[in-house]
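Let's take a walk through this structure together. Have a look at the sequence and the 3D view first, and then read on.

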Amino acid sequence: MFPVRPHRSTGILSSASGAALAILRARATEWEVELAETPGGLTMHVWGSSLTLIPDGSAVRIELSAPEARLIGVLQDSATELFESHGLGIHWDNVDVGALTPGLALMRVVGVTPRTPRFVRVRLQGEQAARFGQGSLHFRLLIPPQGRPPQWPRVAANGRTVWPEGADALHRPVYTVADQAADWVDFDIFRHADSPTCDWACQVRPGDQAGIIGPGGGWCPEAATLRLFGDETALPAIARMLALTRGDVRAWLRCAPEDLGDLANDPRVSRCDDLLAALDGANLGTGEDRHVWFAGHAQAARQARQSLVQAGLTRRQFTAAAYWGQPDSRA
Ligand SMILES: Cc1cc2nc3c(=O)[nH]c(=O)nc-3n(C[C@H](O)[C@H](O)[C@H](O)COP(=O)(O)OP(=O)(O)OC[C@H]3O[C@@H](n4cnc5c(N)ncnc54)[C@H](O)[C@@H]3O)c2cc1C
């Protein structure tokens, strides 16, 4: 095997070094990511990539290094946004002006088929299918307004992505790769009321163009003891994690019995009507090497976070993710 050569990009930040370094430190704290300080500069490690600030006279050099060209684009976009929000511009040596935003793959709809009573499965086909569902389980589906030709987000001269706005604004829900091969990706949509995504799934036809961006989000947590809790929206992610983990795993799913599909025959899976009650009643394991993963309505995720902290789990021992709904509304 040949070693993977990192992709790189450089730029100049017109700023006194103190201000730029303080902005990067604050962002690393906010994102809870690693920061390494050396005599020459300050490096933030994120997404398997790095962003380094190197004071250079009256300016600051910025260096990006990433395992994929896509991640260089993502870093350029986020760094430009971050520093511009503090009034500091970056002059990048190279920007792919006019290109589709990094990570966006334009695919073709193969079909939409019923999977269980409340889920449909969508298959998309395209050259970039293989990179989805690798390292991260999720992606964003970009849905143009009905009746309008899609306007896809593209890279501007400053390195930032320009997203279509107004009448052309895209709906951008997050979904999970349920299955895939070299040239196709499947995902499962839970059918619920007032859903632009369900409306899209009802009216798309084989051959229609579809944009997906990613991959992004988490992967299966590595822990000897893994406990998974989720509603219908988390069912595809839990199914993937059950297939990926080698640990002692148990899962609780809040969904109708007939929507469990193949998981109904998995002895590690229990169905429930109340995820928070299931969480309170479950044996969450003991010791350091355990992880509790919870995803569902935002309010339920917030309550789960509180009860896991009260149960003594550390921040690294649990995930409590809002998969839908507003944080301050009632579940
Ligand atoms: C990391 C991640 C992975 C996800 N994976 C999947 C997946 O694989 N499959 C899947 O089906 N969903 C998944 N979801 C959830 C999905 O993104 C949301 O349900 C999203 O709101 C769907 O967009 P929409 O167009 O249907 O509705 P939106 O336009 O977002 O919302 C429209 C209305 O529908 C309501 N709504 C949204 N979701 C639900 C629901 N589940 N039940 C009842 N009402 C709802 C909203 O509160 C709002 O009132 C995932 C979410 C995240 C964060």
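**Around the ligand**

What you see is a predicted model, where local features need pLDDT of at least 70 and side-chain atom pairs count only at pLDDT 80 or more, while totals for chains, interfaces and linings use all residues. Residues are numbered from 1 along each chain as its sequence is written, and side-chain values use heavy atoms, with hydrogens and water left out.

Now for the polar contacts, meaning pairs of N or O atoms within 3.5 Å. A polar backbone atom of Val174 is 2.7 Å from an oxygen atom of the ligand. His192 uses a polar side-chain atom instead, 2.8 Å from an oxygen atom of the ligand. Asp188 has a backbone N or O atom 2.8 Å from a nitrogen atom of the ligand. On its own the ligand has 920 Å² of accessible area (Shrake-Rupley method, 1.4 Å probe), and the protein covers 76% of that.

Most residues other than glycine have a negative phi, and most peptide bonds are trans. Trp47, which isn't glycine, has a positive phi near 55°. Look for Trp47 in the loop between β3 (42–46) and β4 (49–56); strands are DSSP runs of E, at least two residues, numbered from the N terminus. Gly214 and Pro215 are joined by a cis peptide bond, with omega about 5°. Pro215 lies in strand β15 (residues 209–216).

How values were computed: Polar contact = N/O pair within 3.5 Å; in protein donor to acceptor, adjacent residues only side chain to side chain. Helix = DSSP H or I, 4+ residues; strand = E, 2+ residues; numbered from the N terminus.
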